[in-house]
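Here's a quick write-up on a fold and its ring contacts. Have a look at the model first.

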Amino acid sequence: MRGQYLYVSPNFSPEIISTGKWNSDLVRSAGLEGKKVTVVTLFPHYPDWVVNKSAKKVERWAPNICVVRFGEDIEFSRNVVLRRLQLELYFACHVFRFLLSR
């Protein structure tokens with residue numbers, strides 16, 4: 001639909017990592033232009049790679065922006081390579097499930 005967007009990224013506000021800030025700014029600007037945006041993202045986890053469950057699972061981040069979070073149950077590996085693989089596979093599987101449910 002025209003004017004409705006789905007933004008998919010593992011990092012989003014309040015993540016302090018650069019991609020979290022960039023994604024948040026990009027989505028905020030789309031929302032300010034009147035576009036409806038649904039963000040599918042993980043719960044914040046950077047830089048400690050420990051899930052911060054203080055964010056809401058579904059929230060209205062701004063009038064036109066809905067953020068849907070998942071990953072409250074993930075425990076990241078200490079191994080850097082395994083941790084990154086775990087993040088990407090976990091995120092891909094959950095996004096796929098989210099898309100199938102719509």
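What follows covers the sheet, its helices and an aromatic pair.

This is a predicted model, so to speak with caveats: local features need pLDDT of at least 70, side-chain atom pairs count only at pLDDT 80 or more, and totals for chains, interfaces and linings use all residues. Numbering starts from 1 along each chain as its sequence is written, and side-chain values use heavy atoms, with hydrogens and water left out.

Four strands make an open, mixed sheet in the order β1-β2-β4-β3 (strands are DSSP E runs of at least two residues, helices H or I runs of at least four, numbered from the N terminus; two strands pair if DSSP finds at least two bridges between them). β1 (4-8) and β3 (58-62) sit at the edges, each pairing on one side only. From one strand to the next, the twist averages 20 degrees. β3 runs antiparallel to β4 (residues 65-70) over four bridges, with Val-58 opposite Val-68 in β4.

Angles run from 0 to 180 degrees between N-to-C directions, with axes fitted to C-alpha atoms, for helices over the stretch in contact.

| Helix | Residues | Strands touched | Angle |
|---|---|---|---|
| α1 | 18-32 | β1, β2, β3, β4 | about 175 degrees with β1 |
| α2 | 80-101 | β1, β2, β4 | about 140 degrees with β2 |

Now the rings: the whole structure has four aromatic pairs (Phe, Tyr or six-membered Trp ring centres within 6.5 Å; planes under 30 degrees apart are stacked, over 60 edge-to-face, the rest tilted). Phe-70 and Phe-91 are stacked because their centres are 5.8 Å apart and their planes at 15 degrees. Phe-70 is in β4 and Phe-91 in α2, so the pair ties together parts 21 residues apart in sequence.

Note on methods
Contact means heavy atoms within 4.5 Å.
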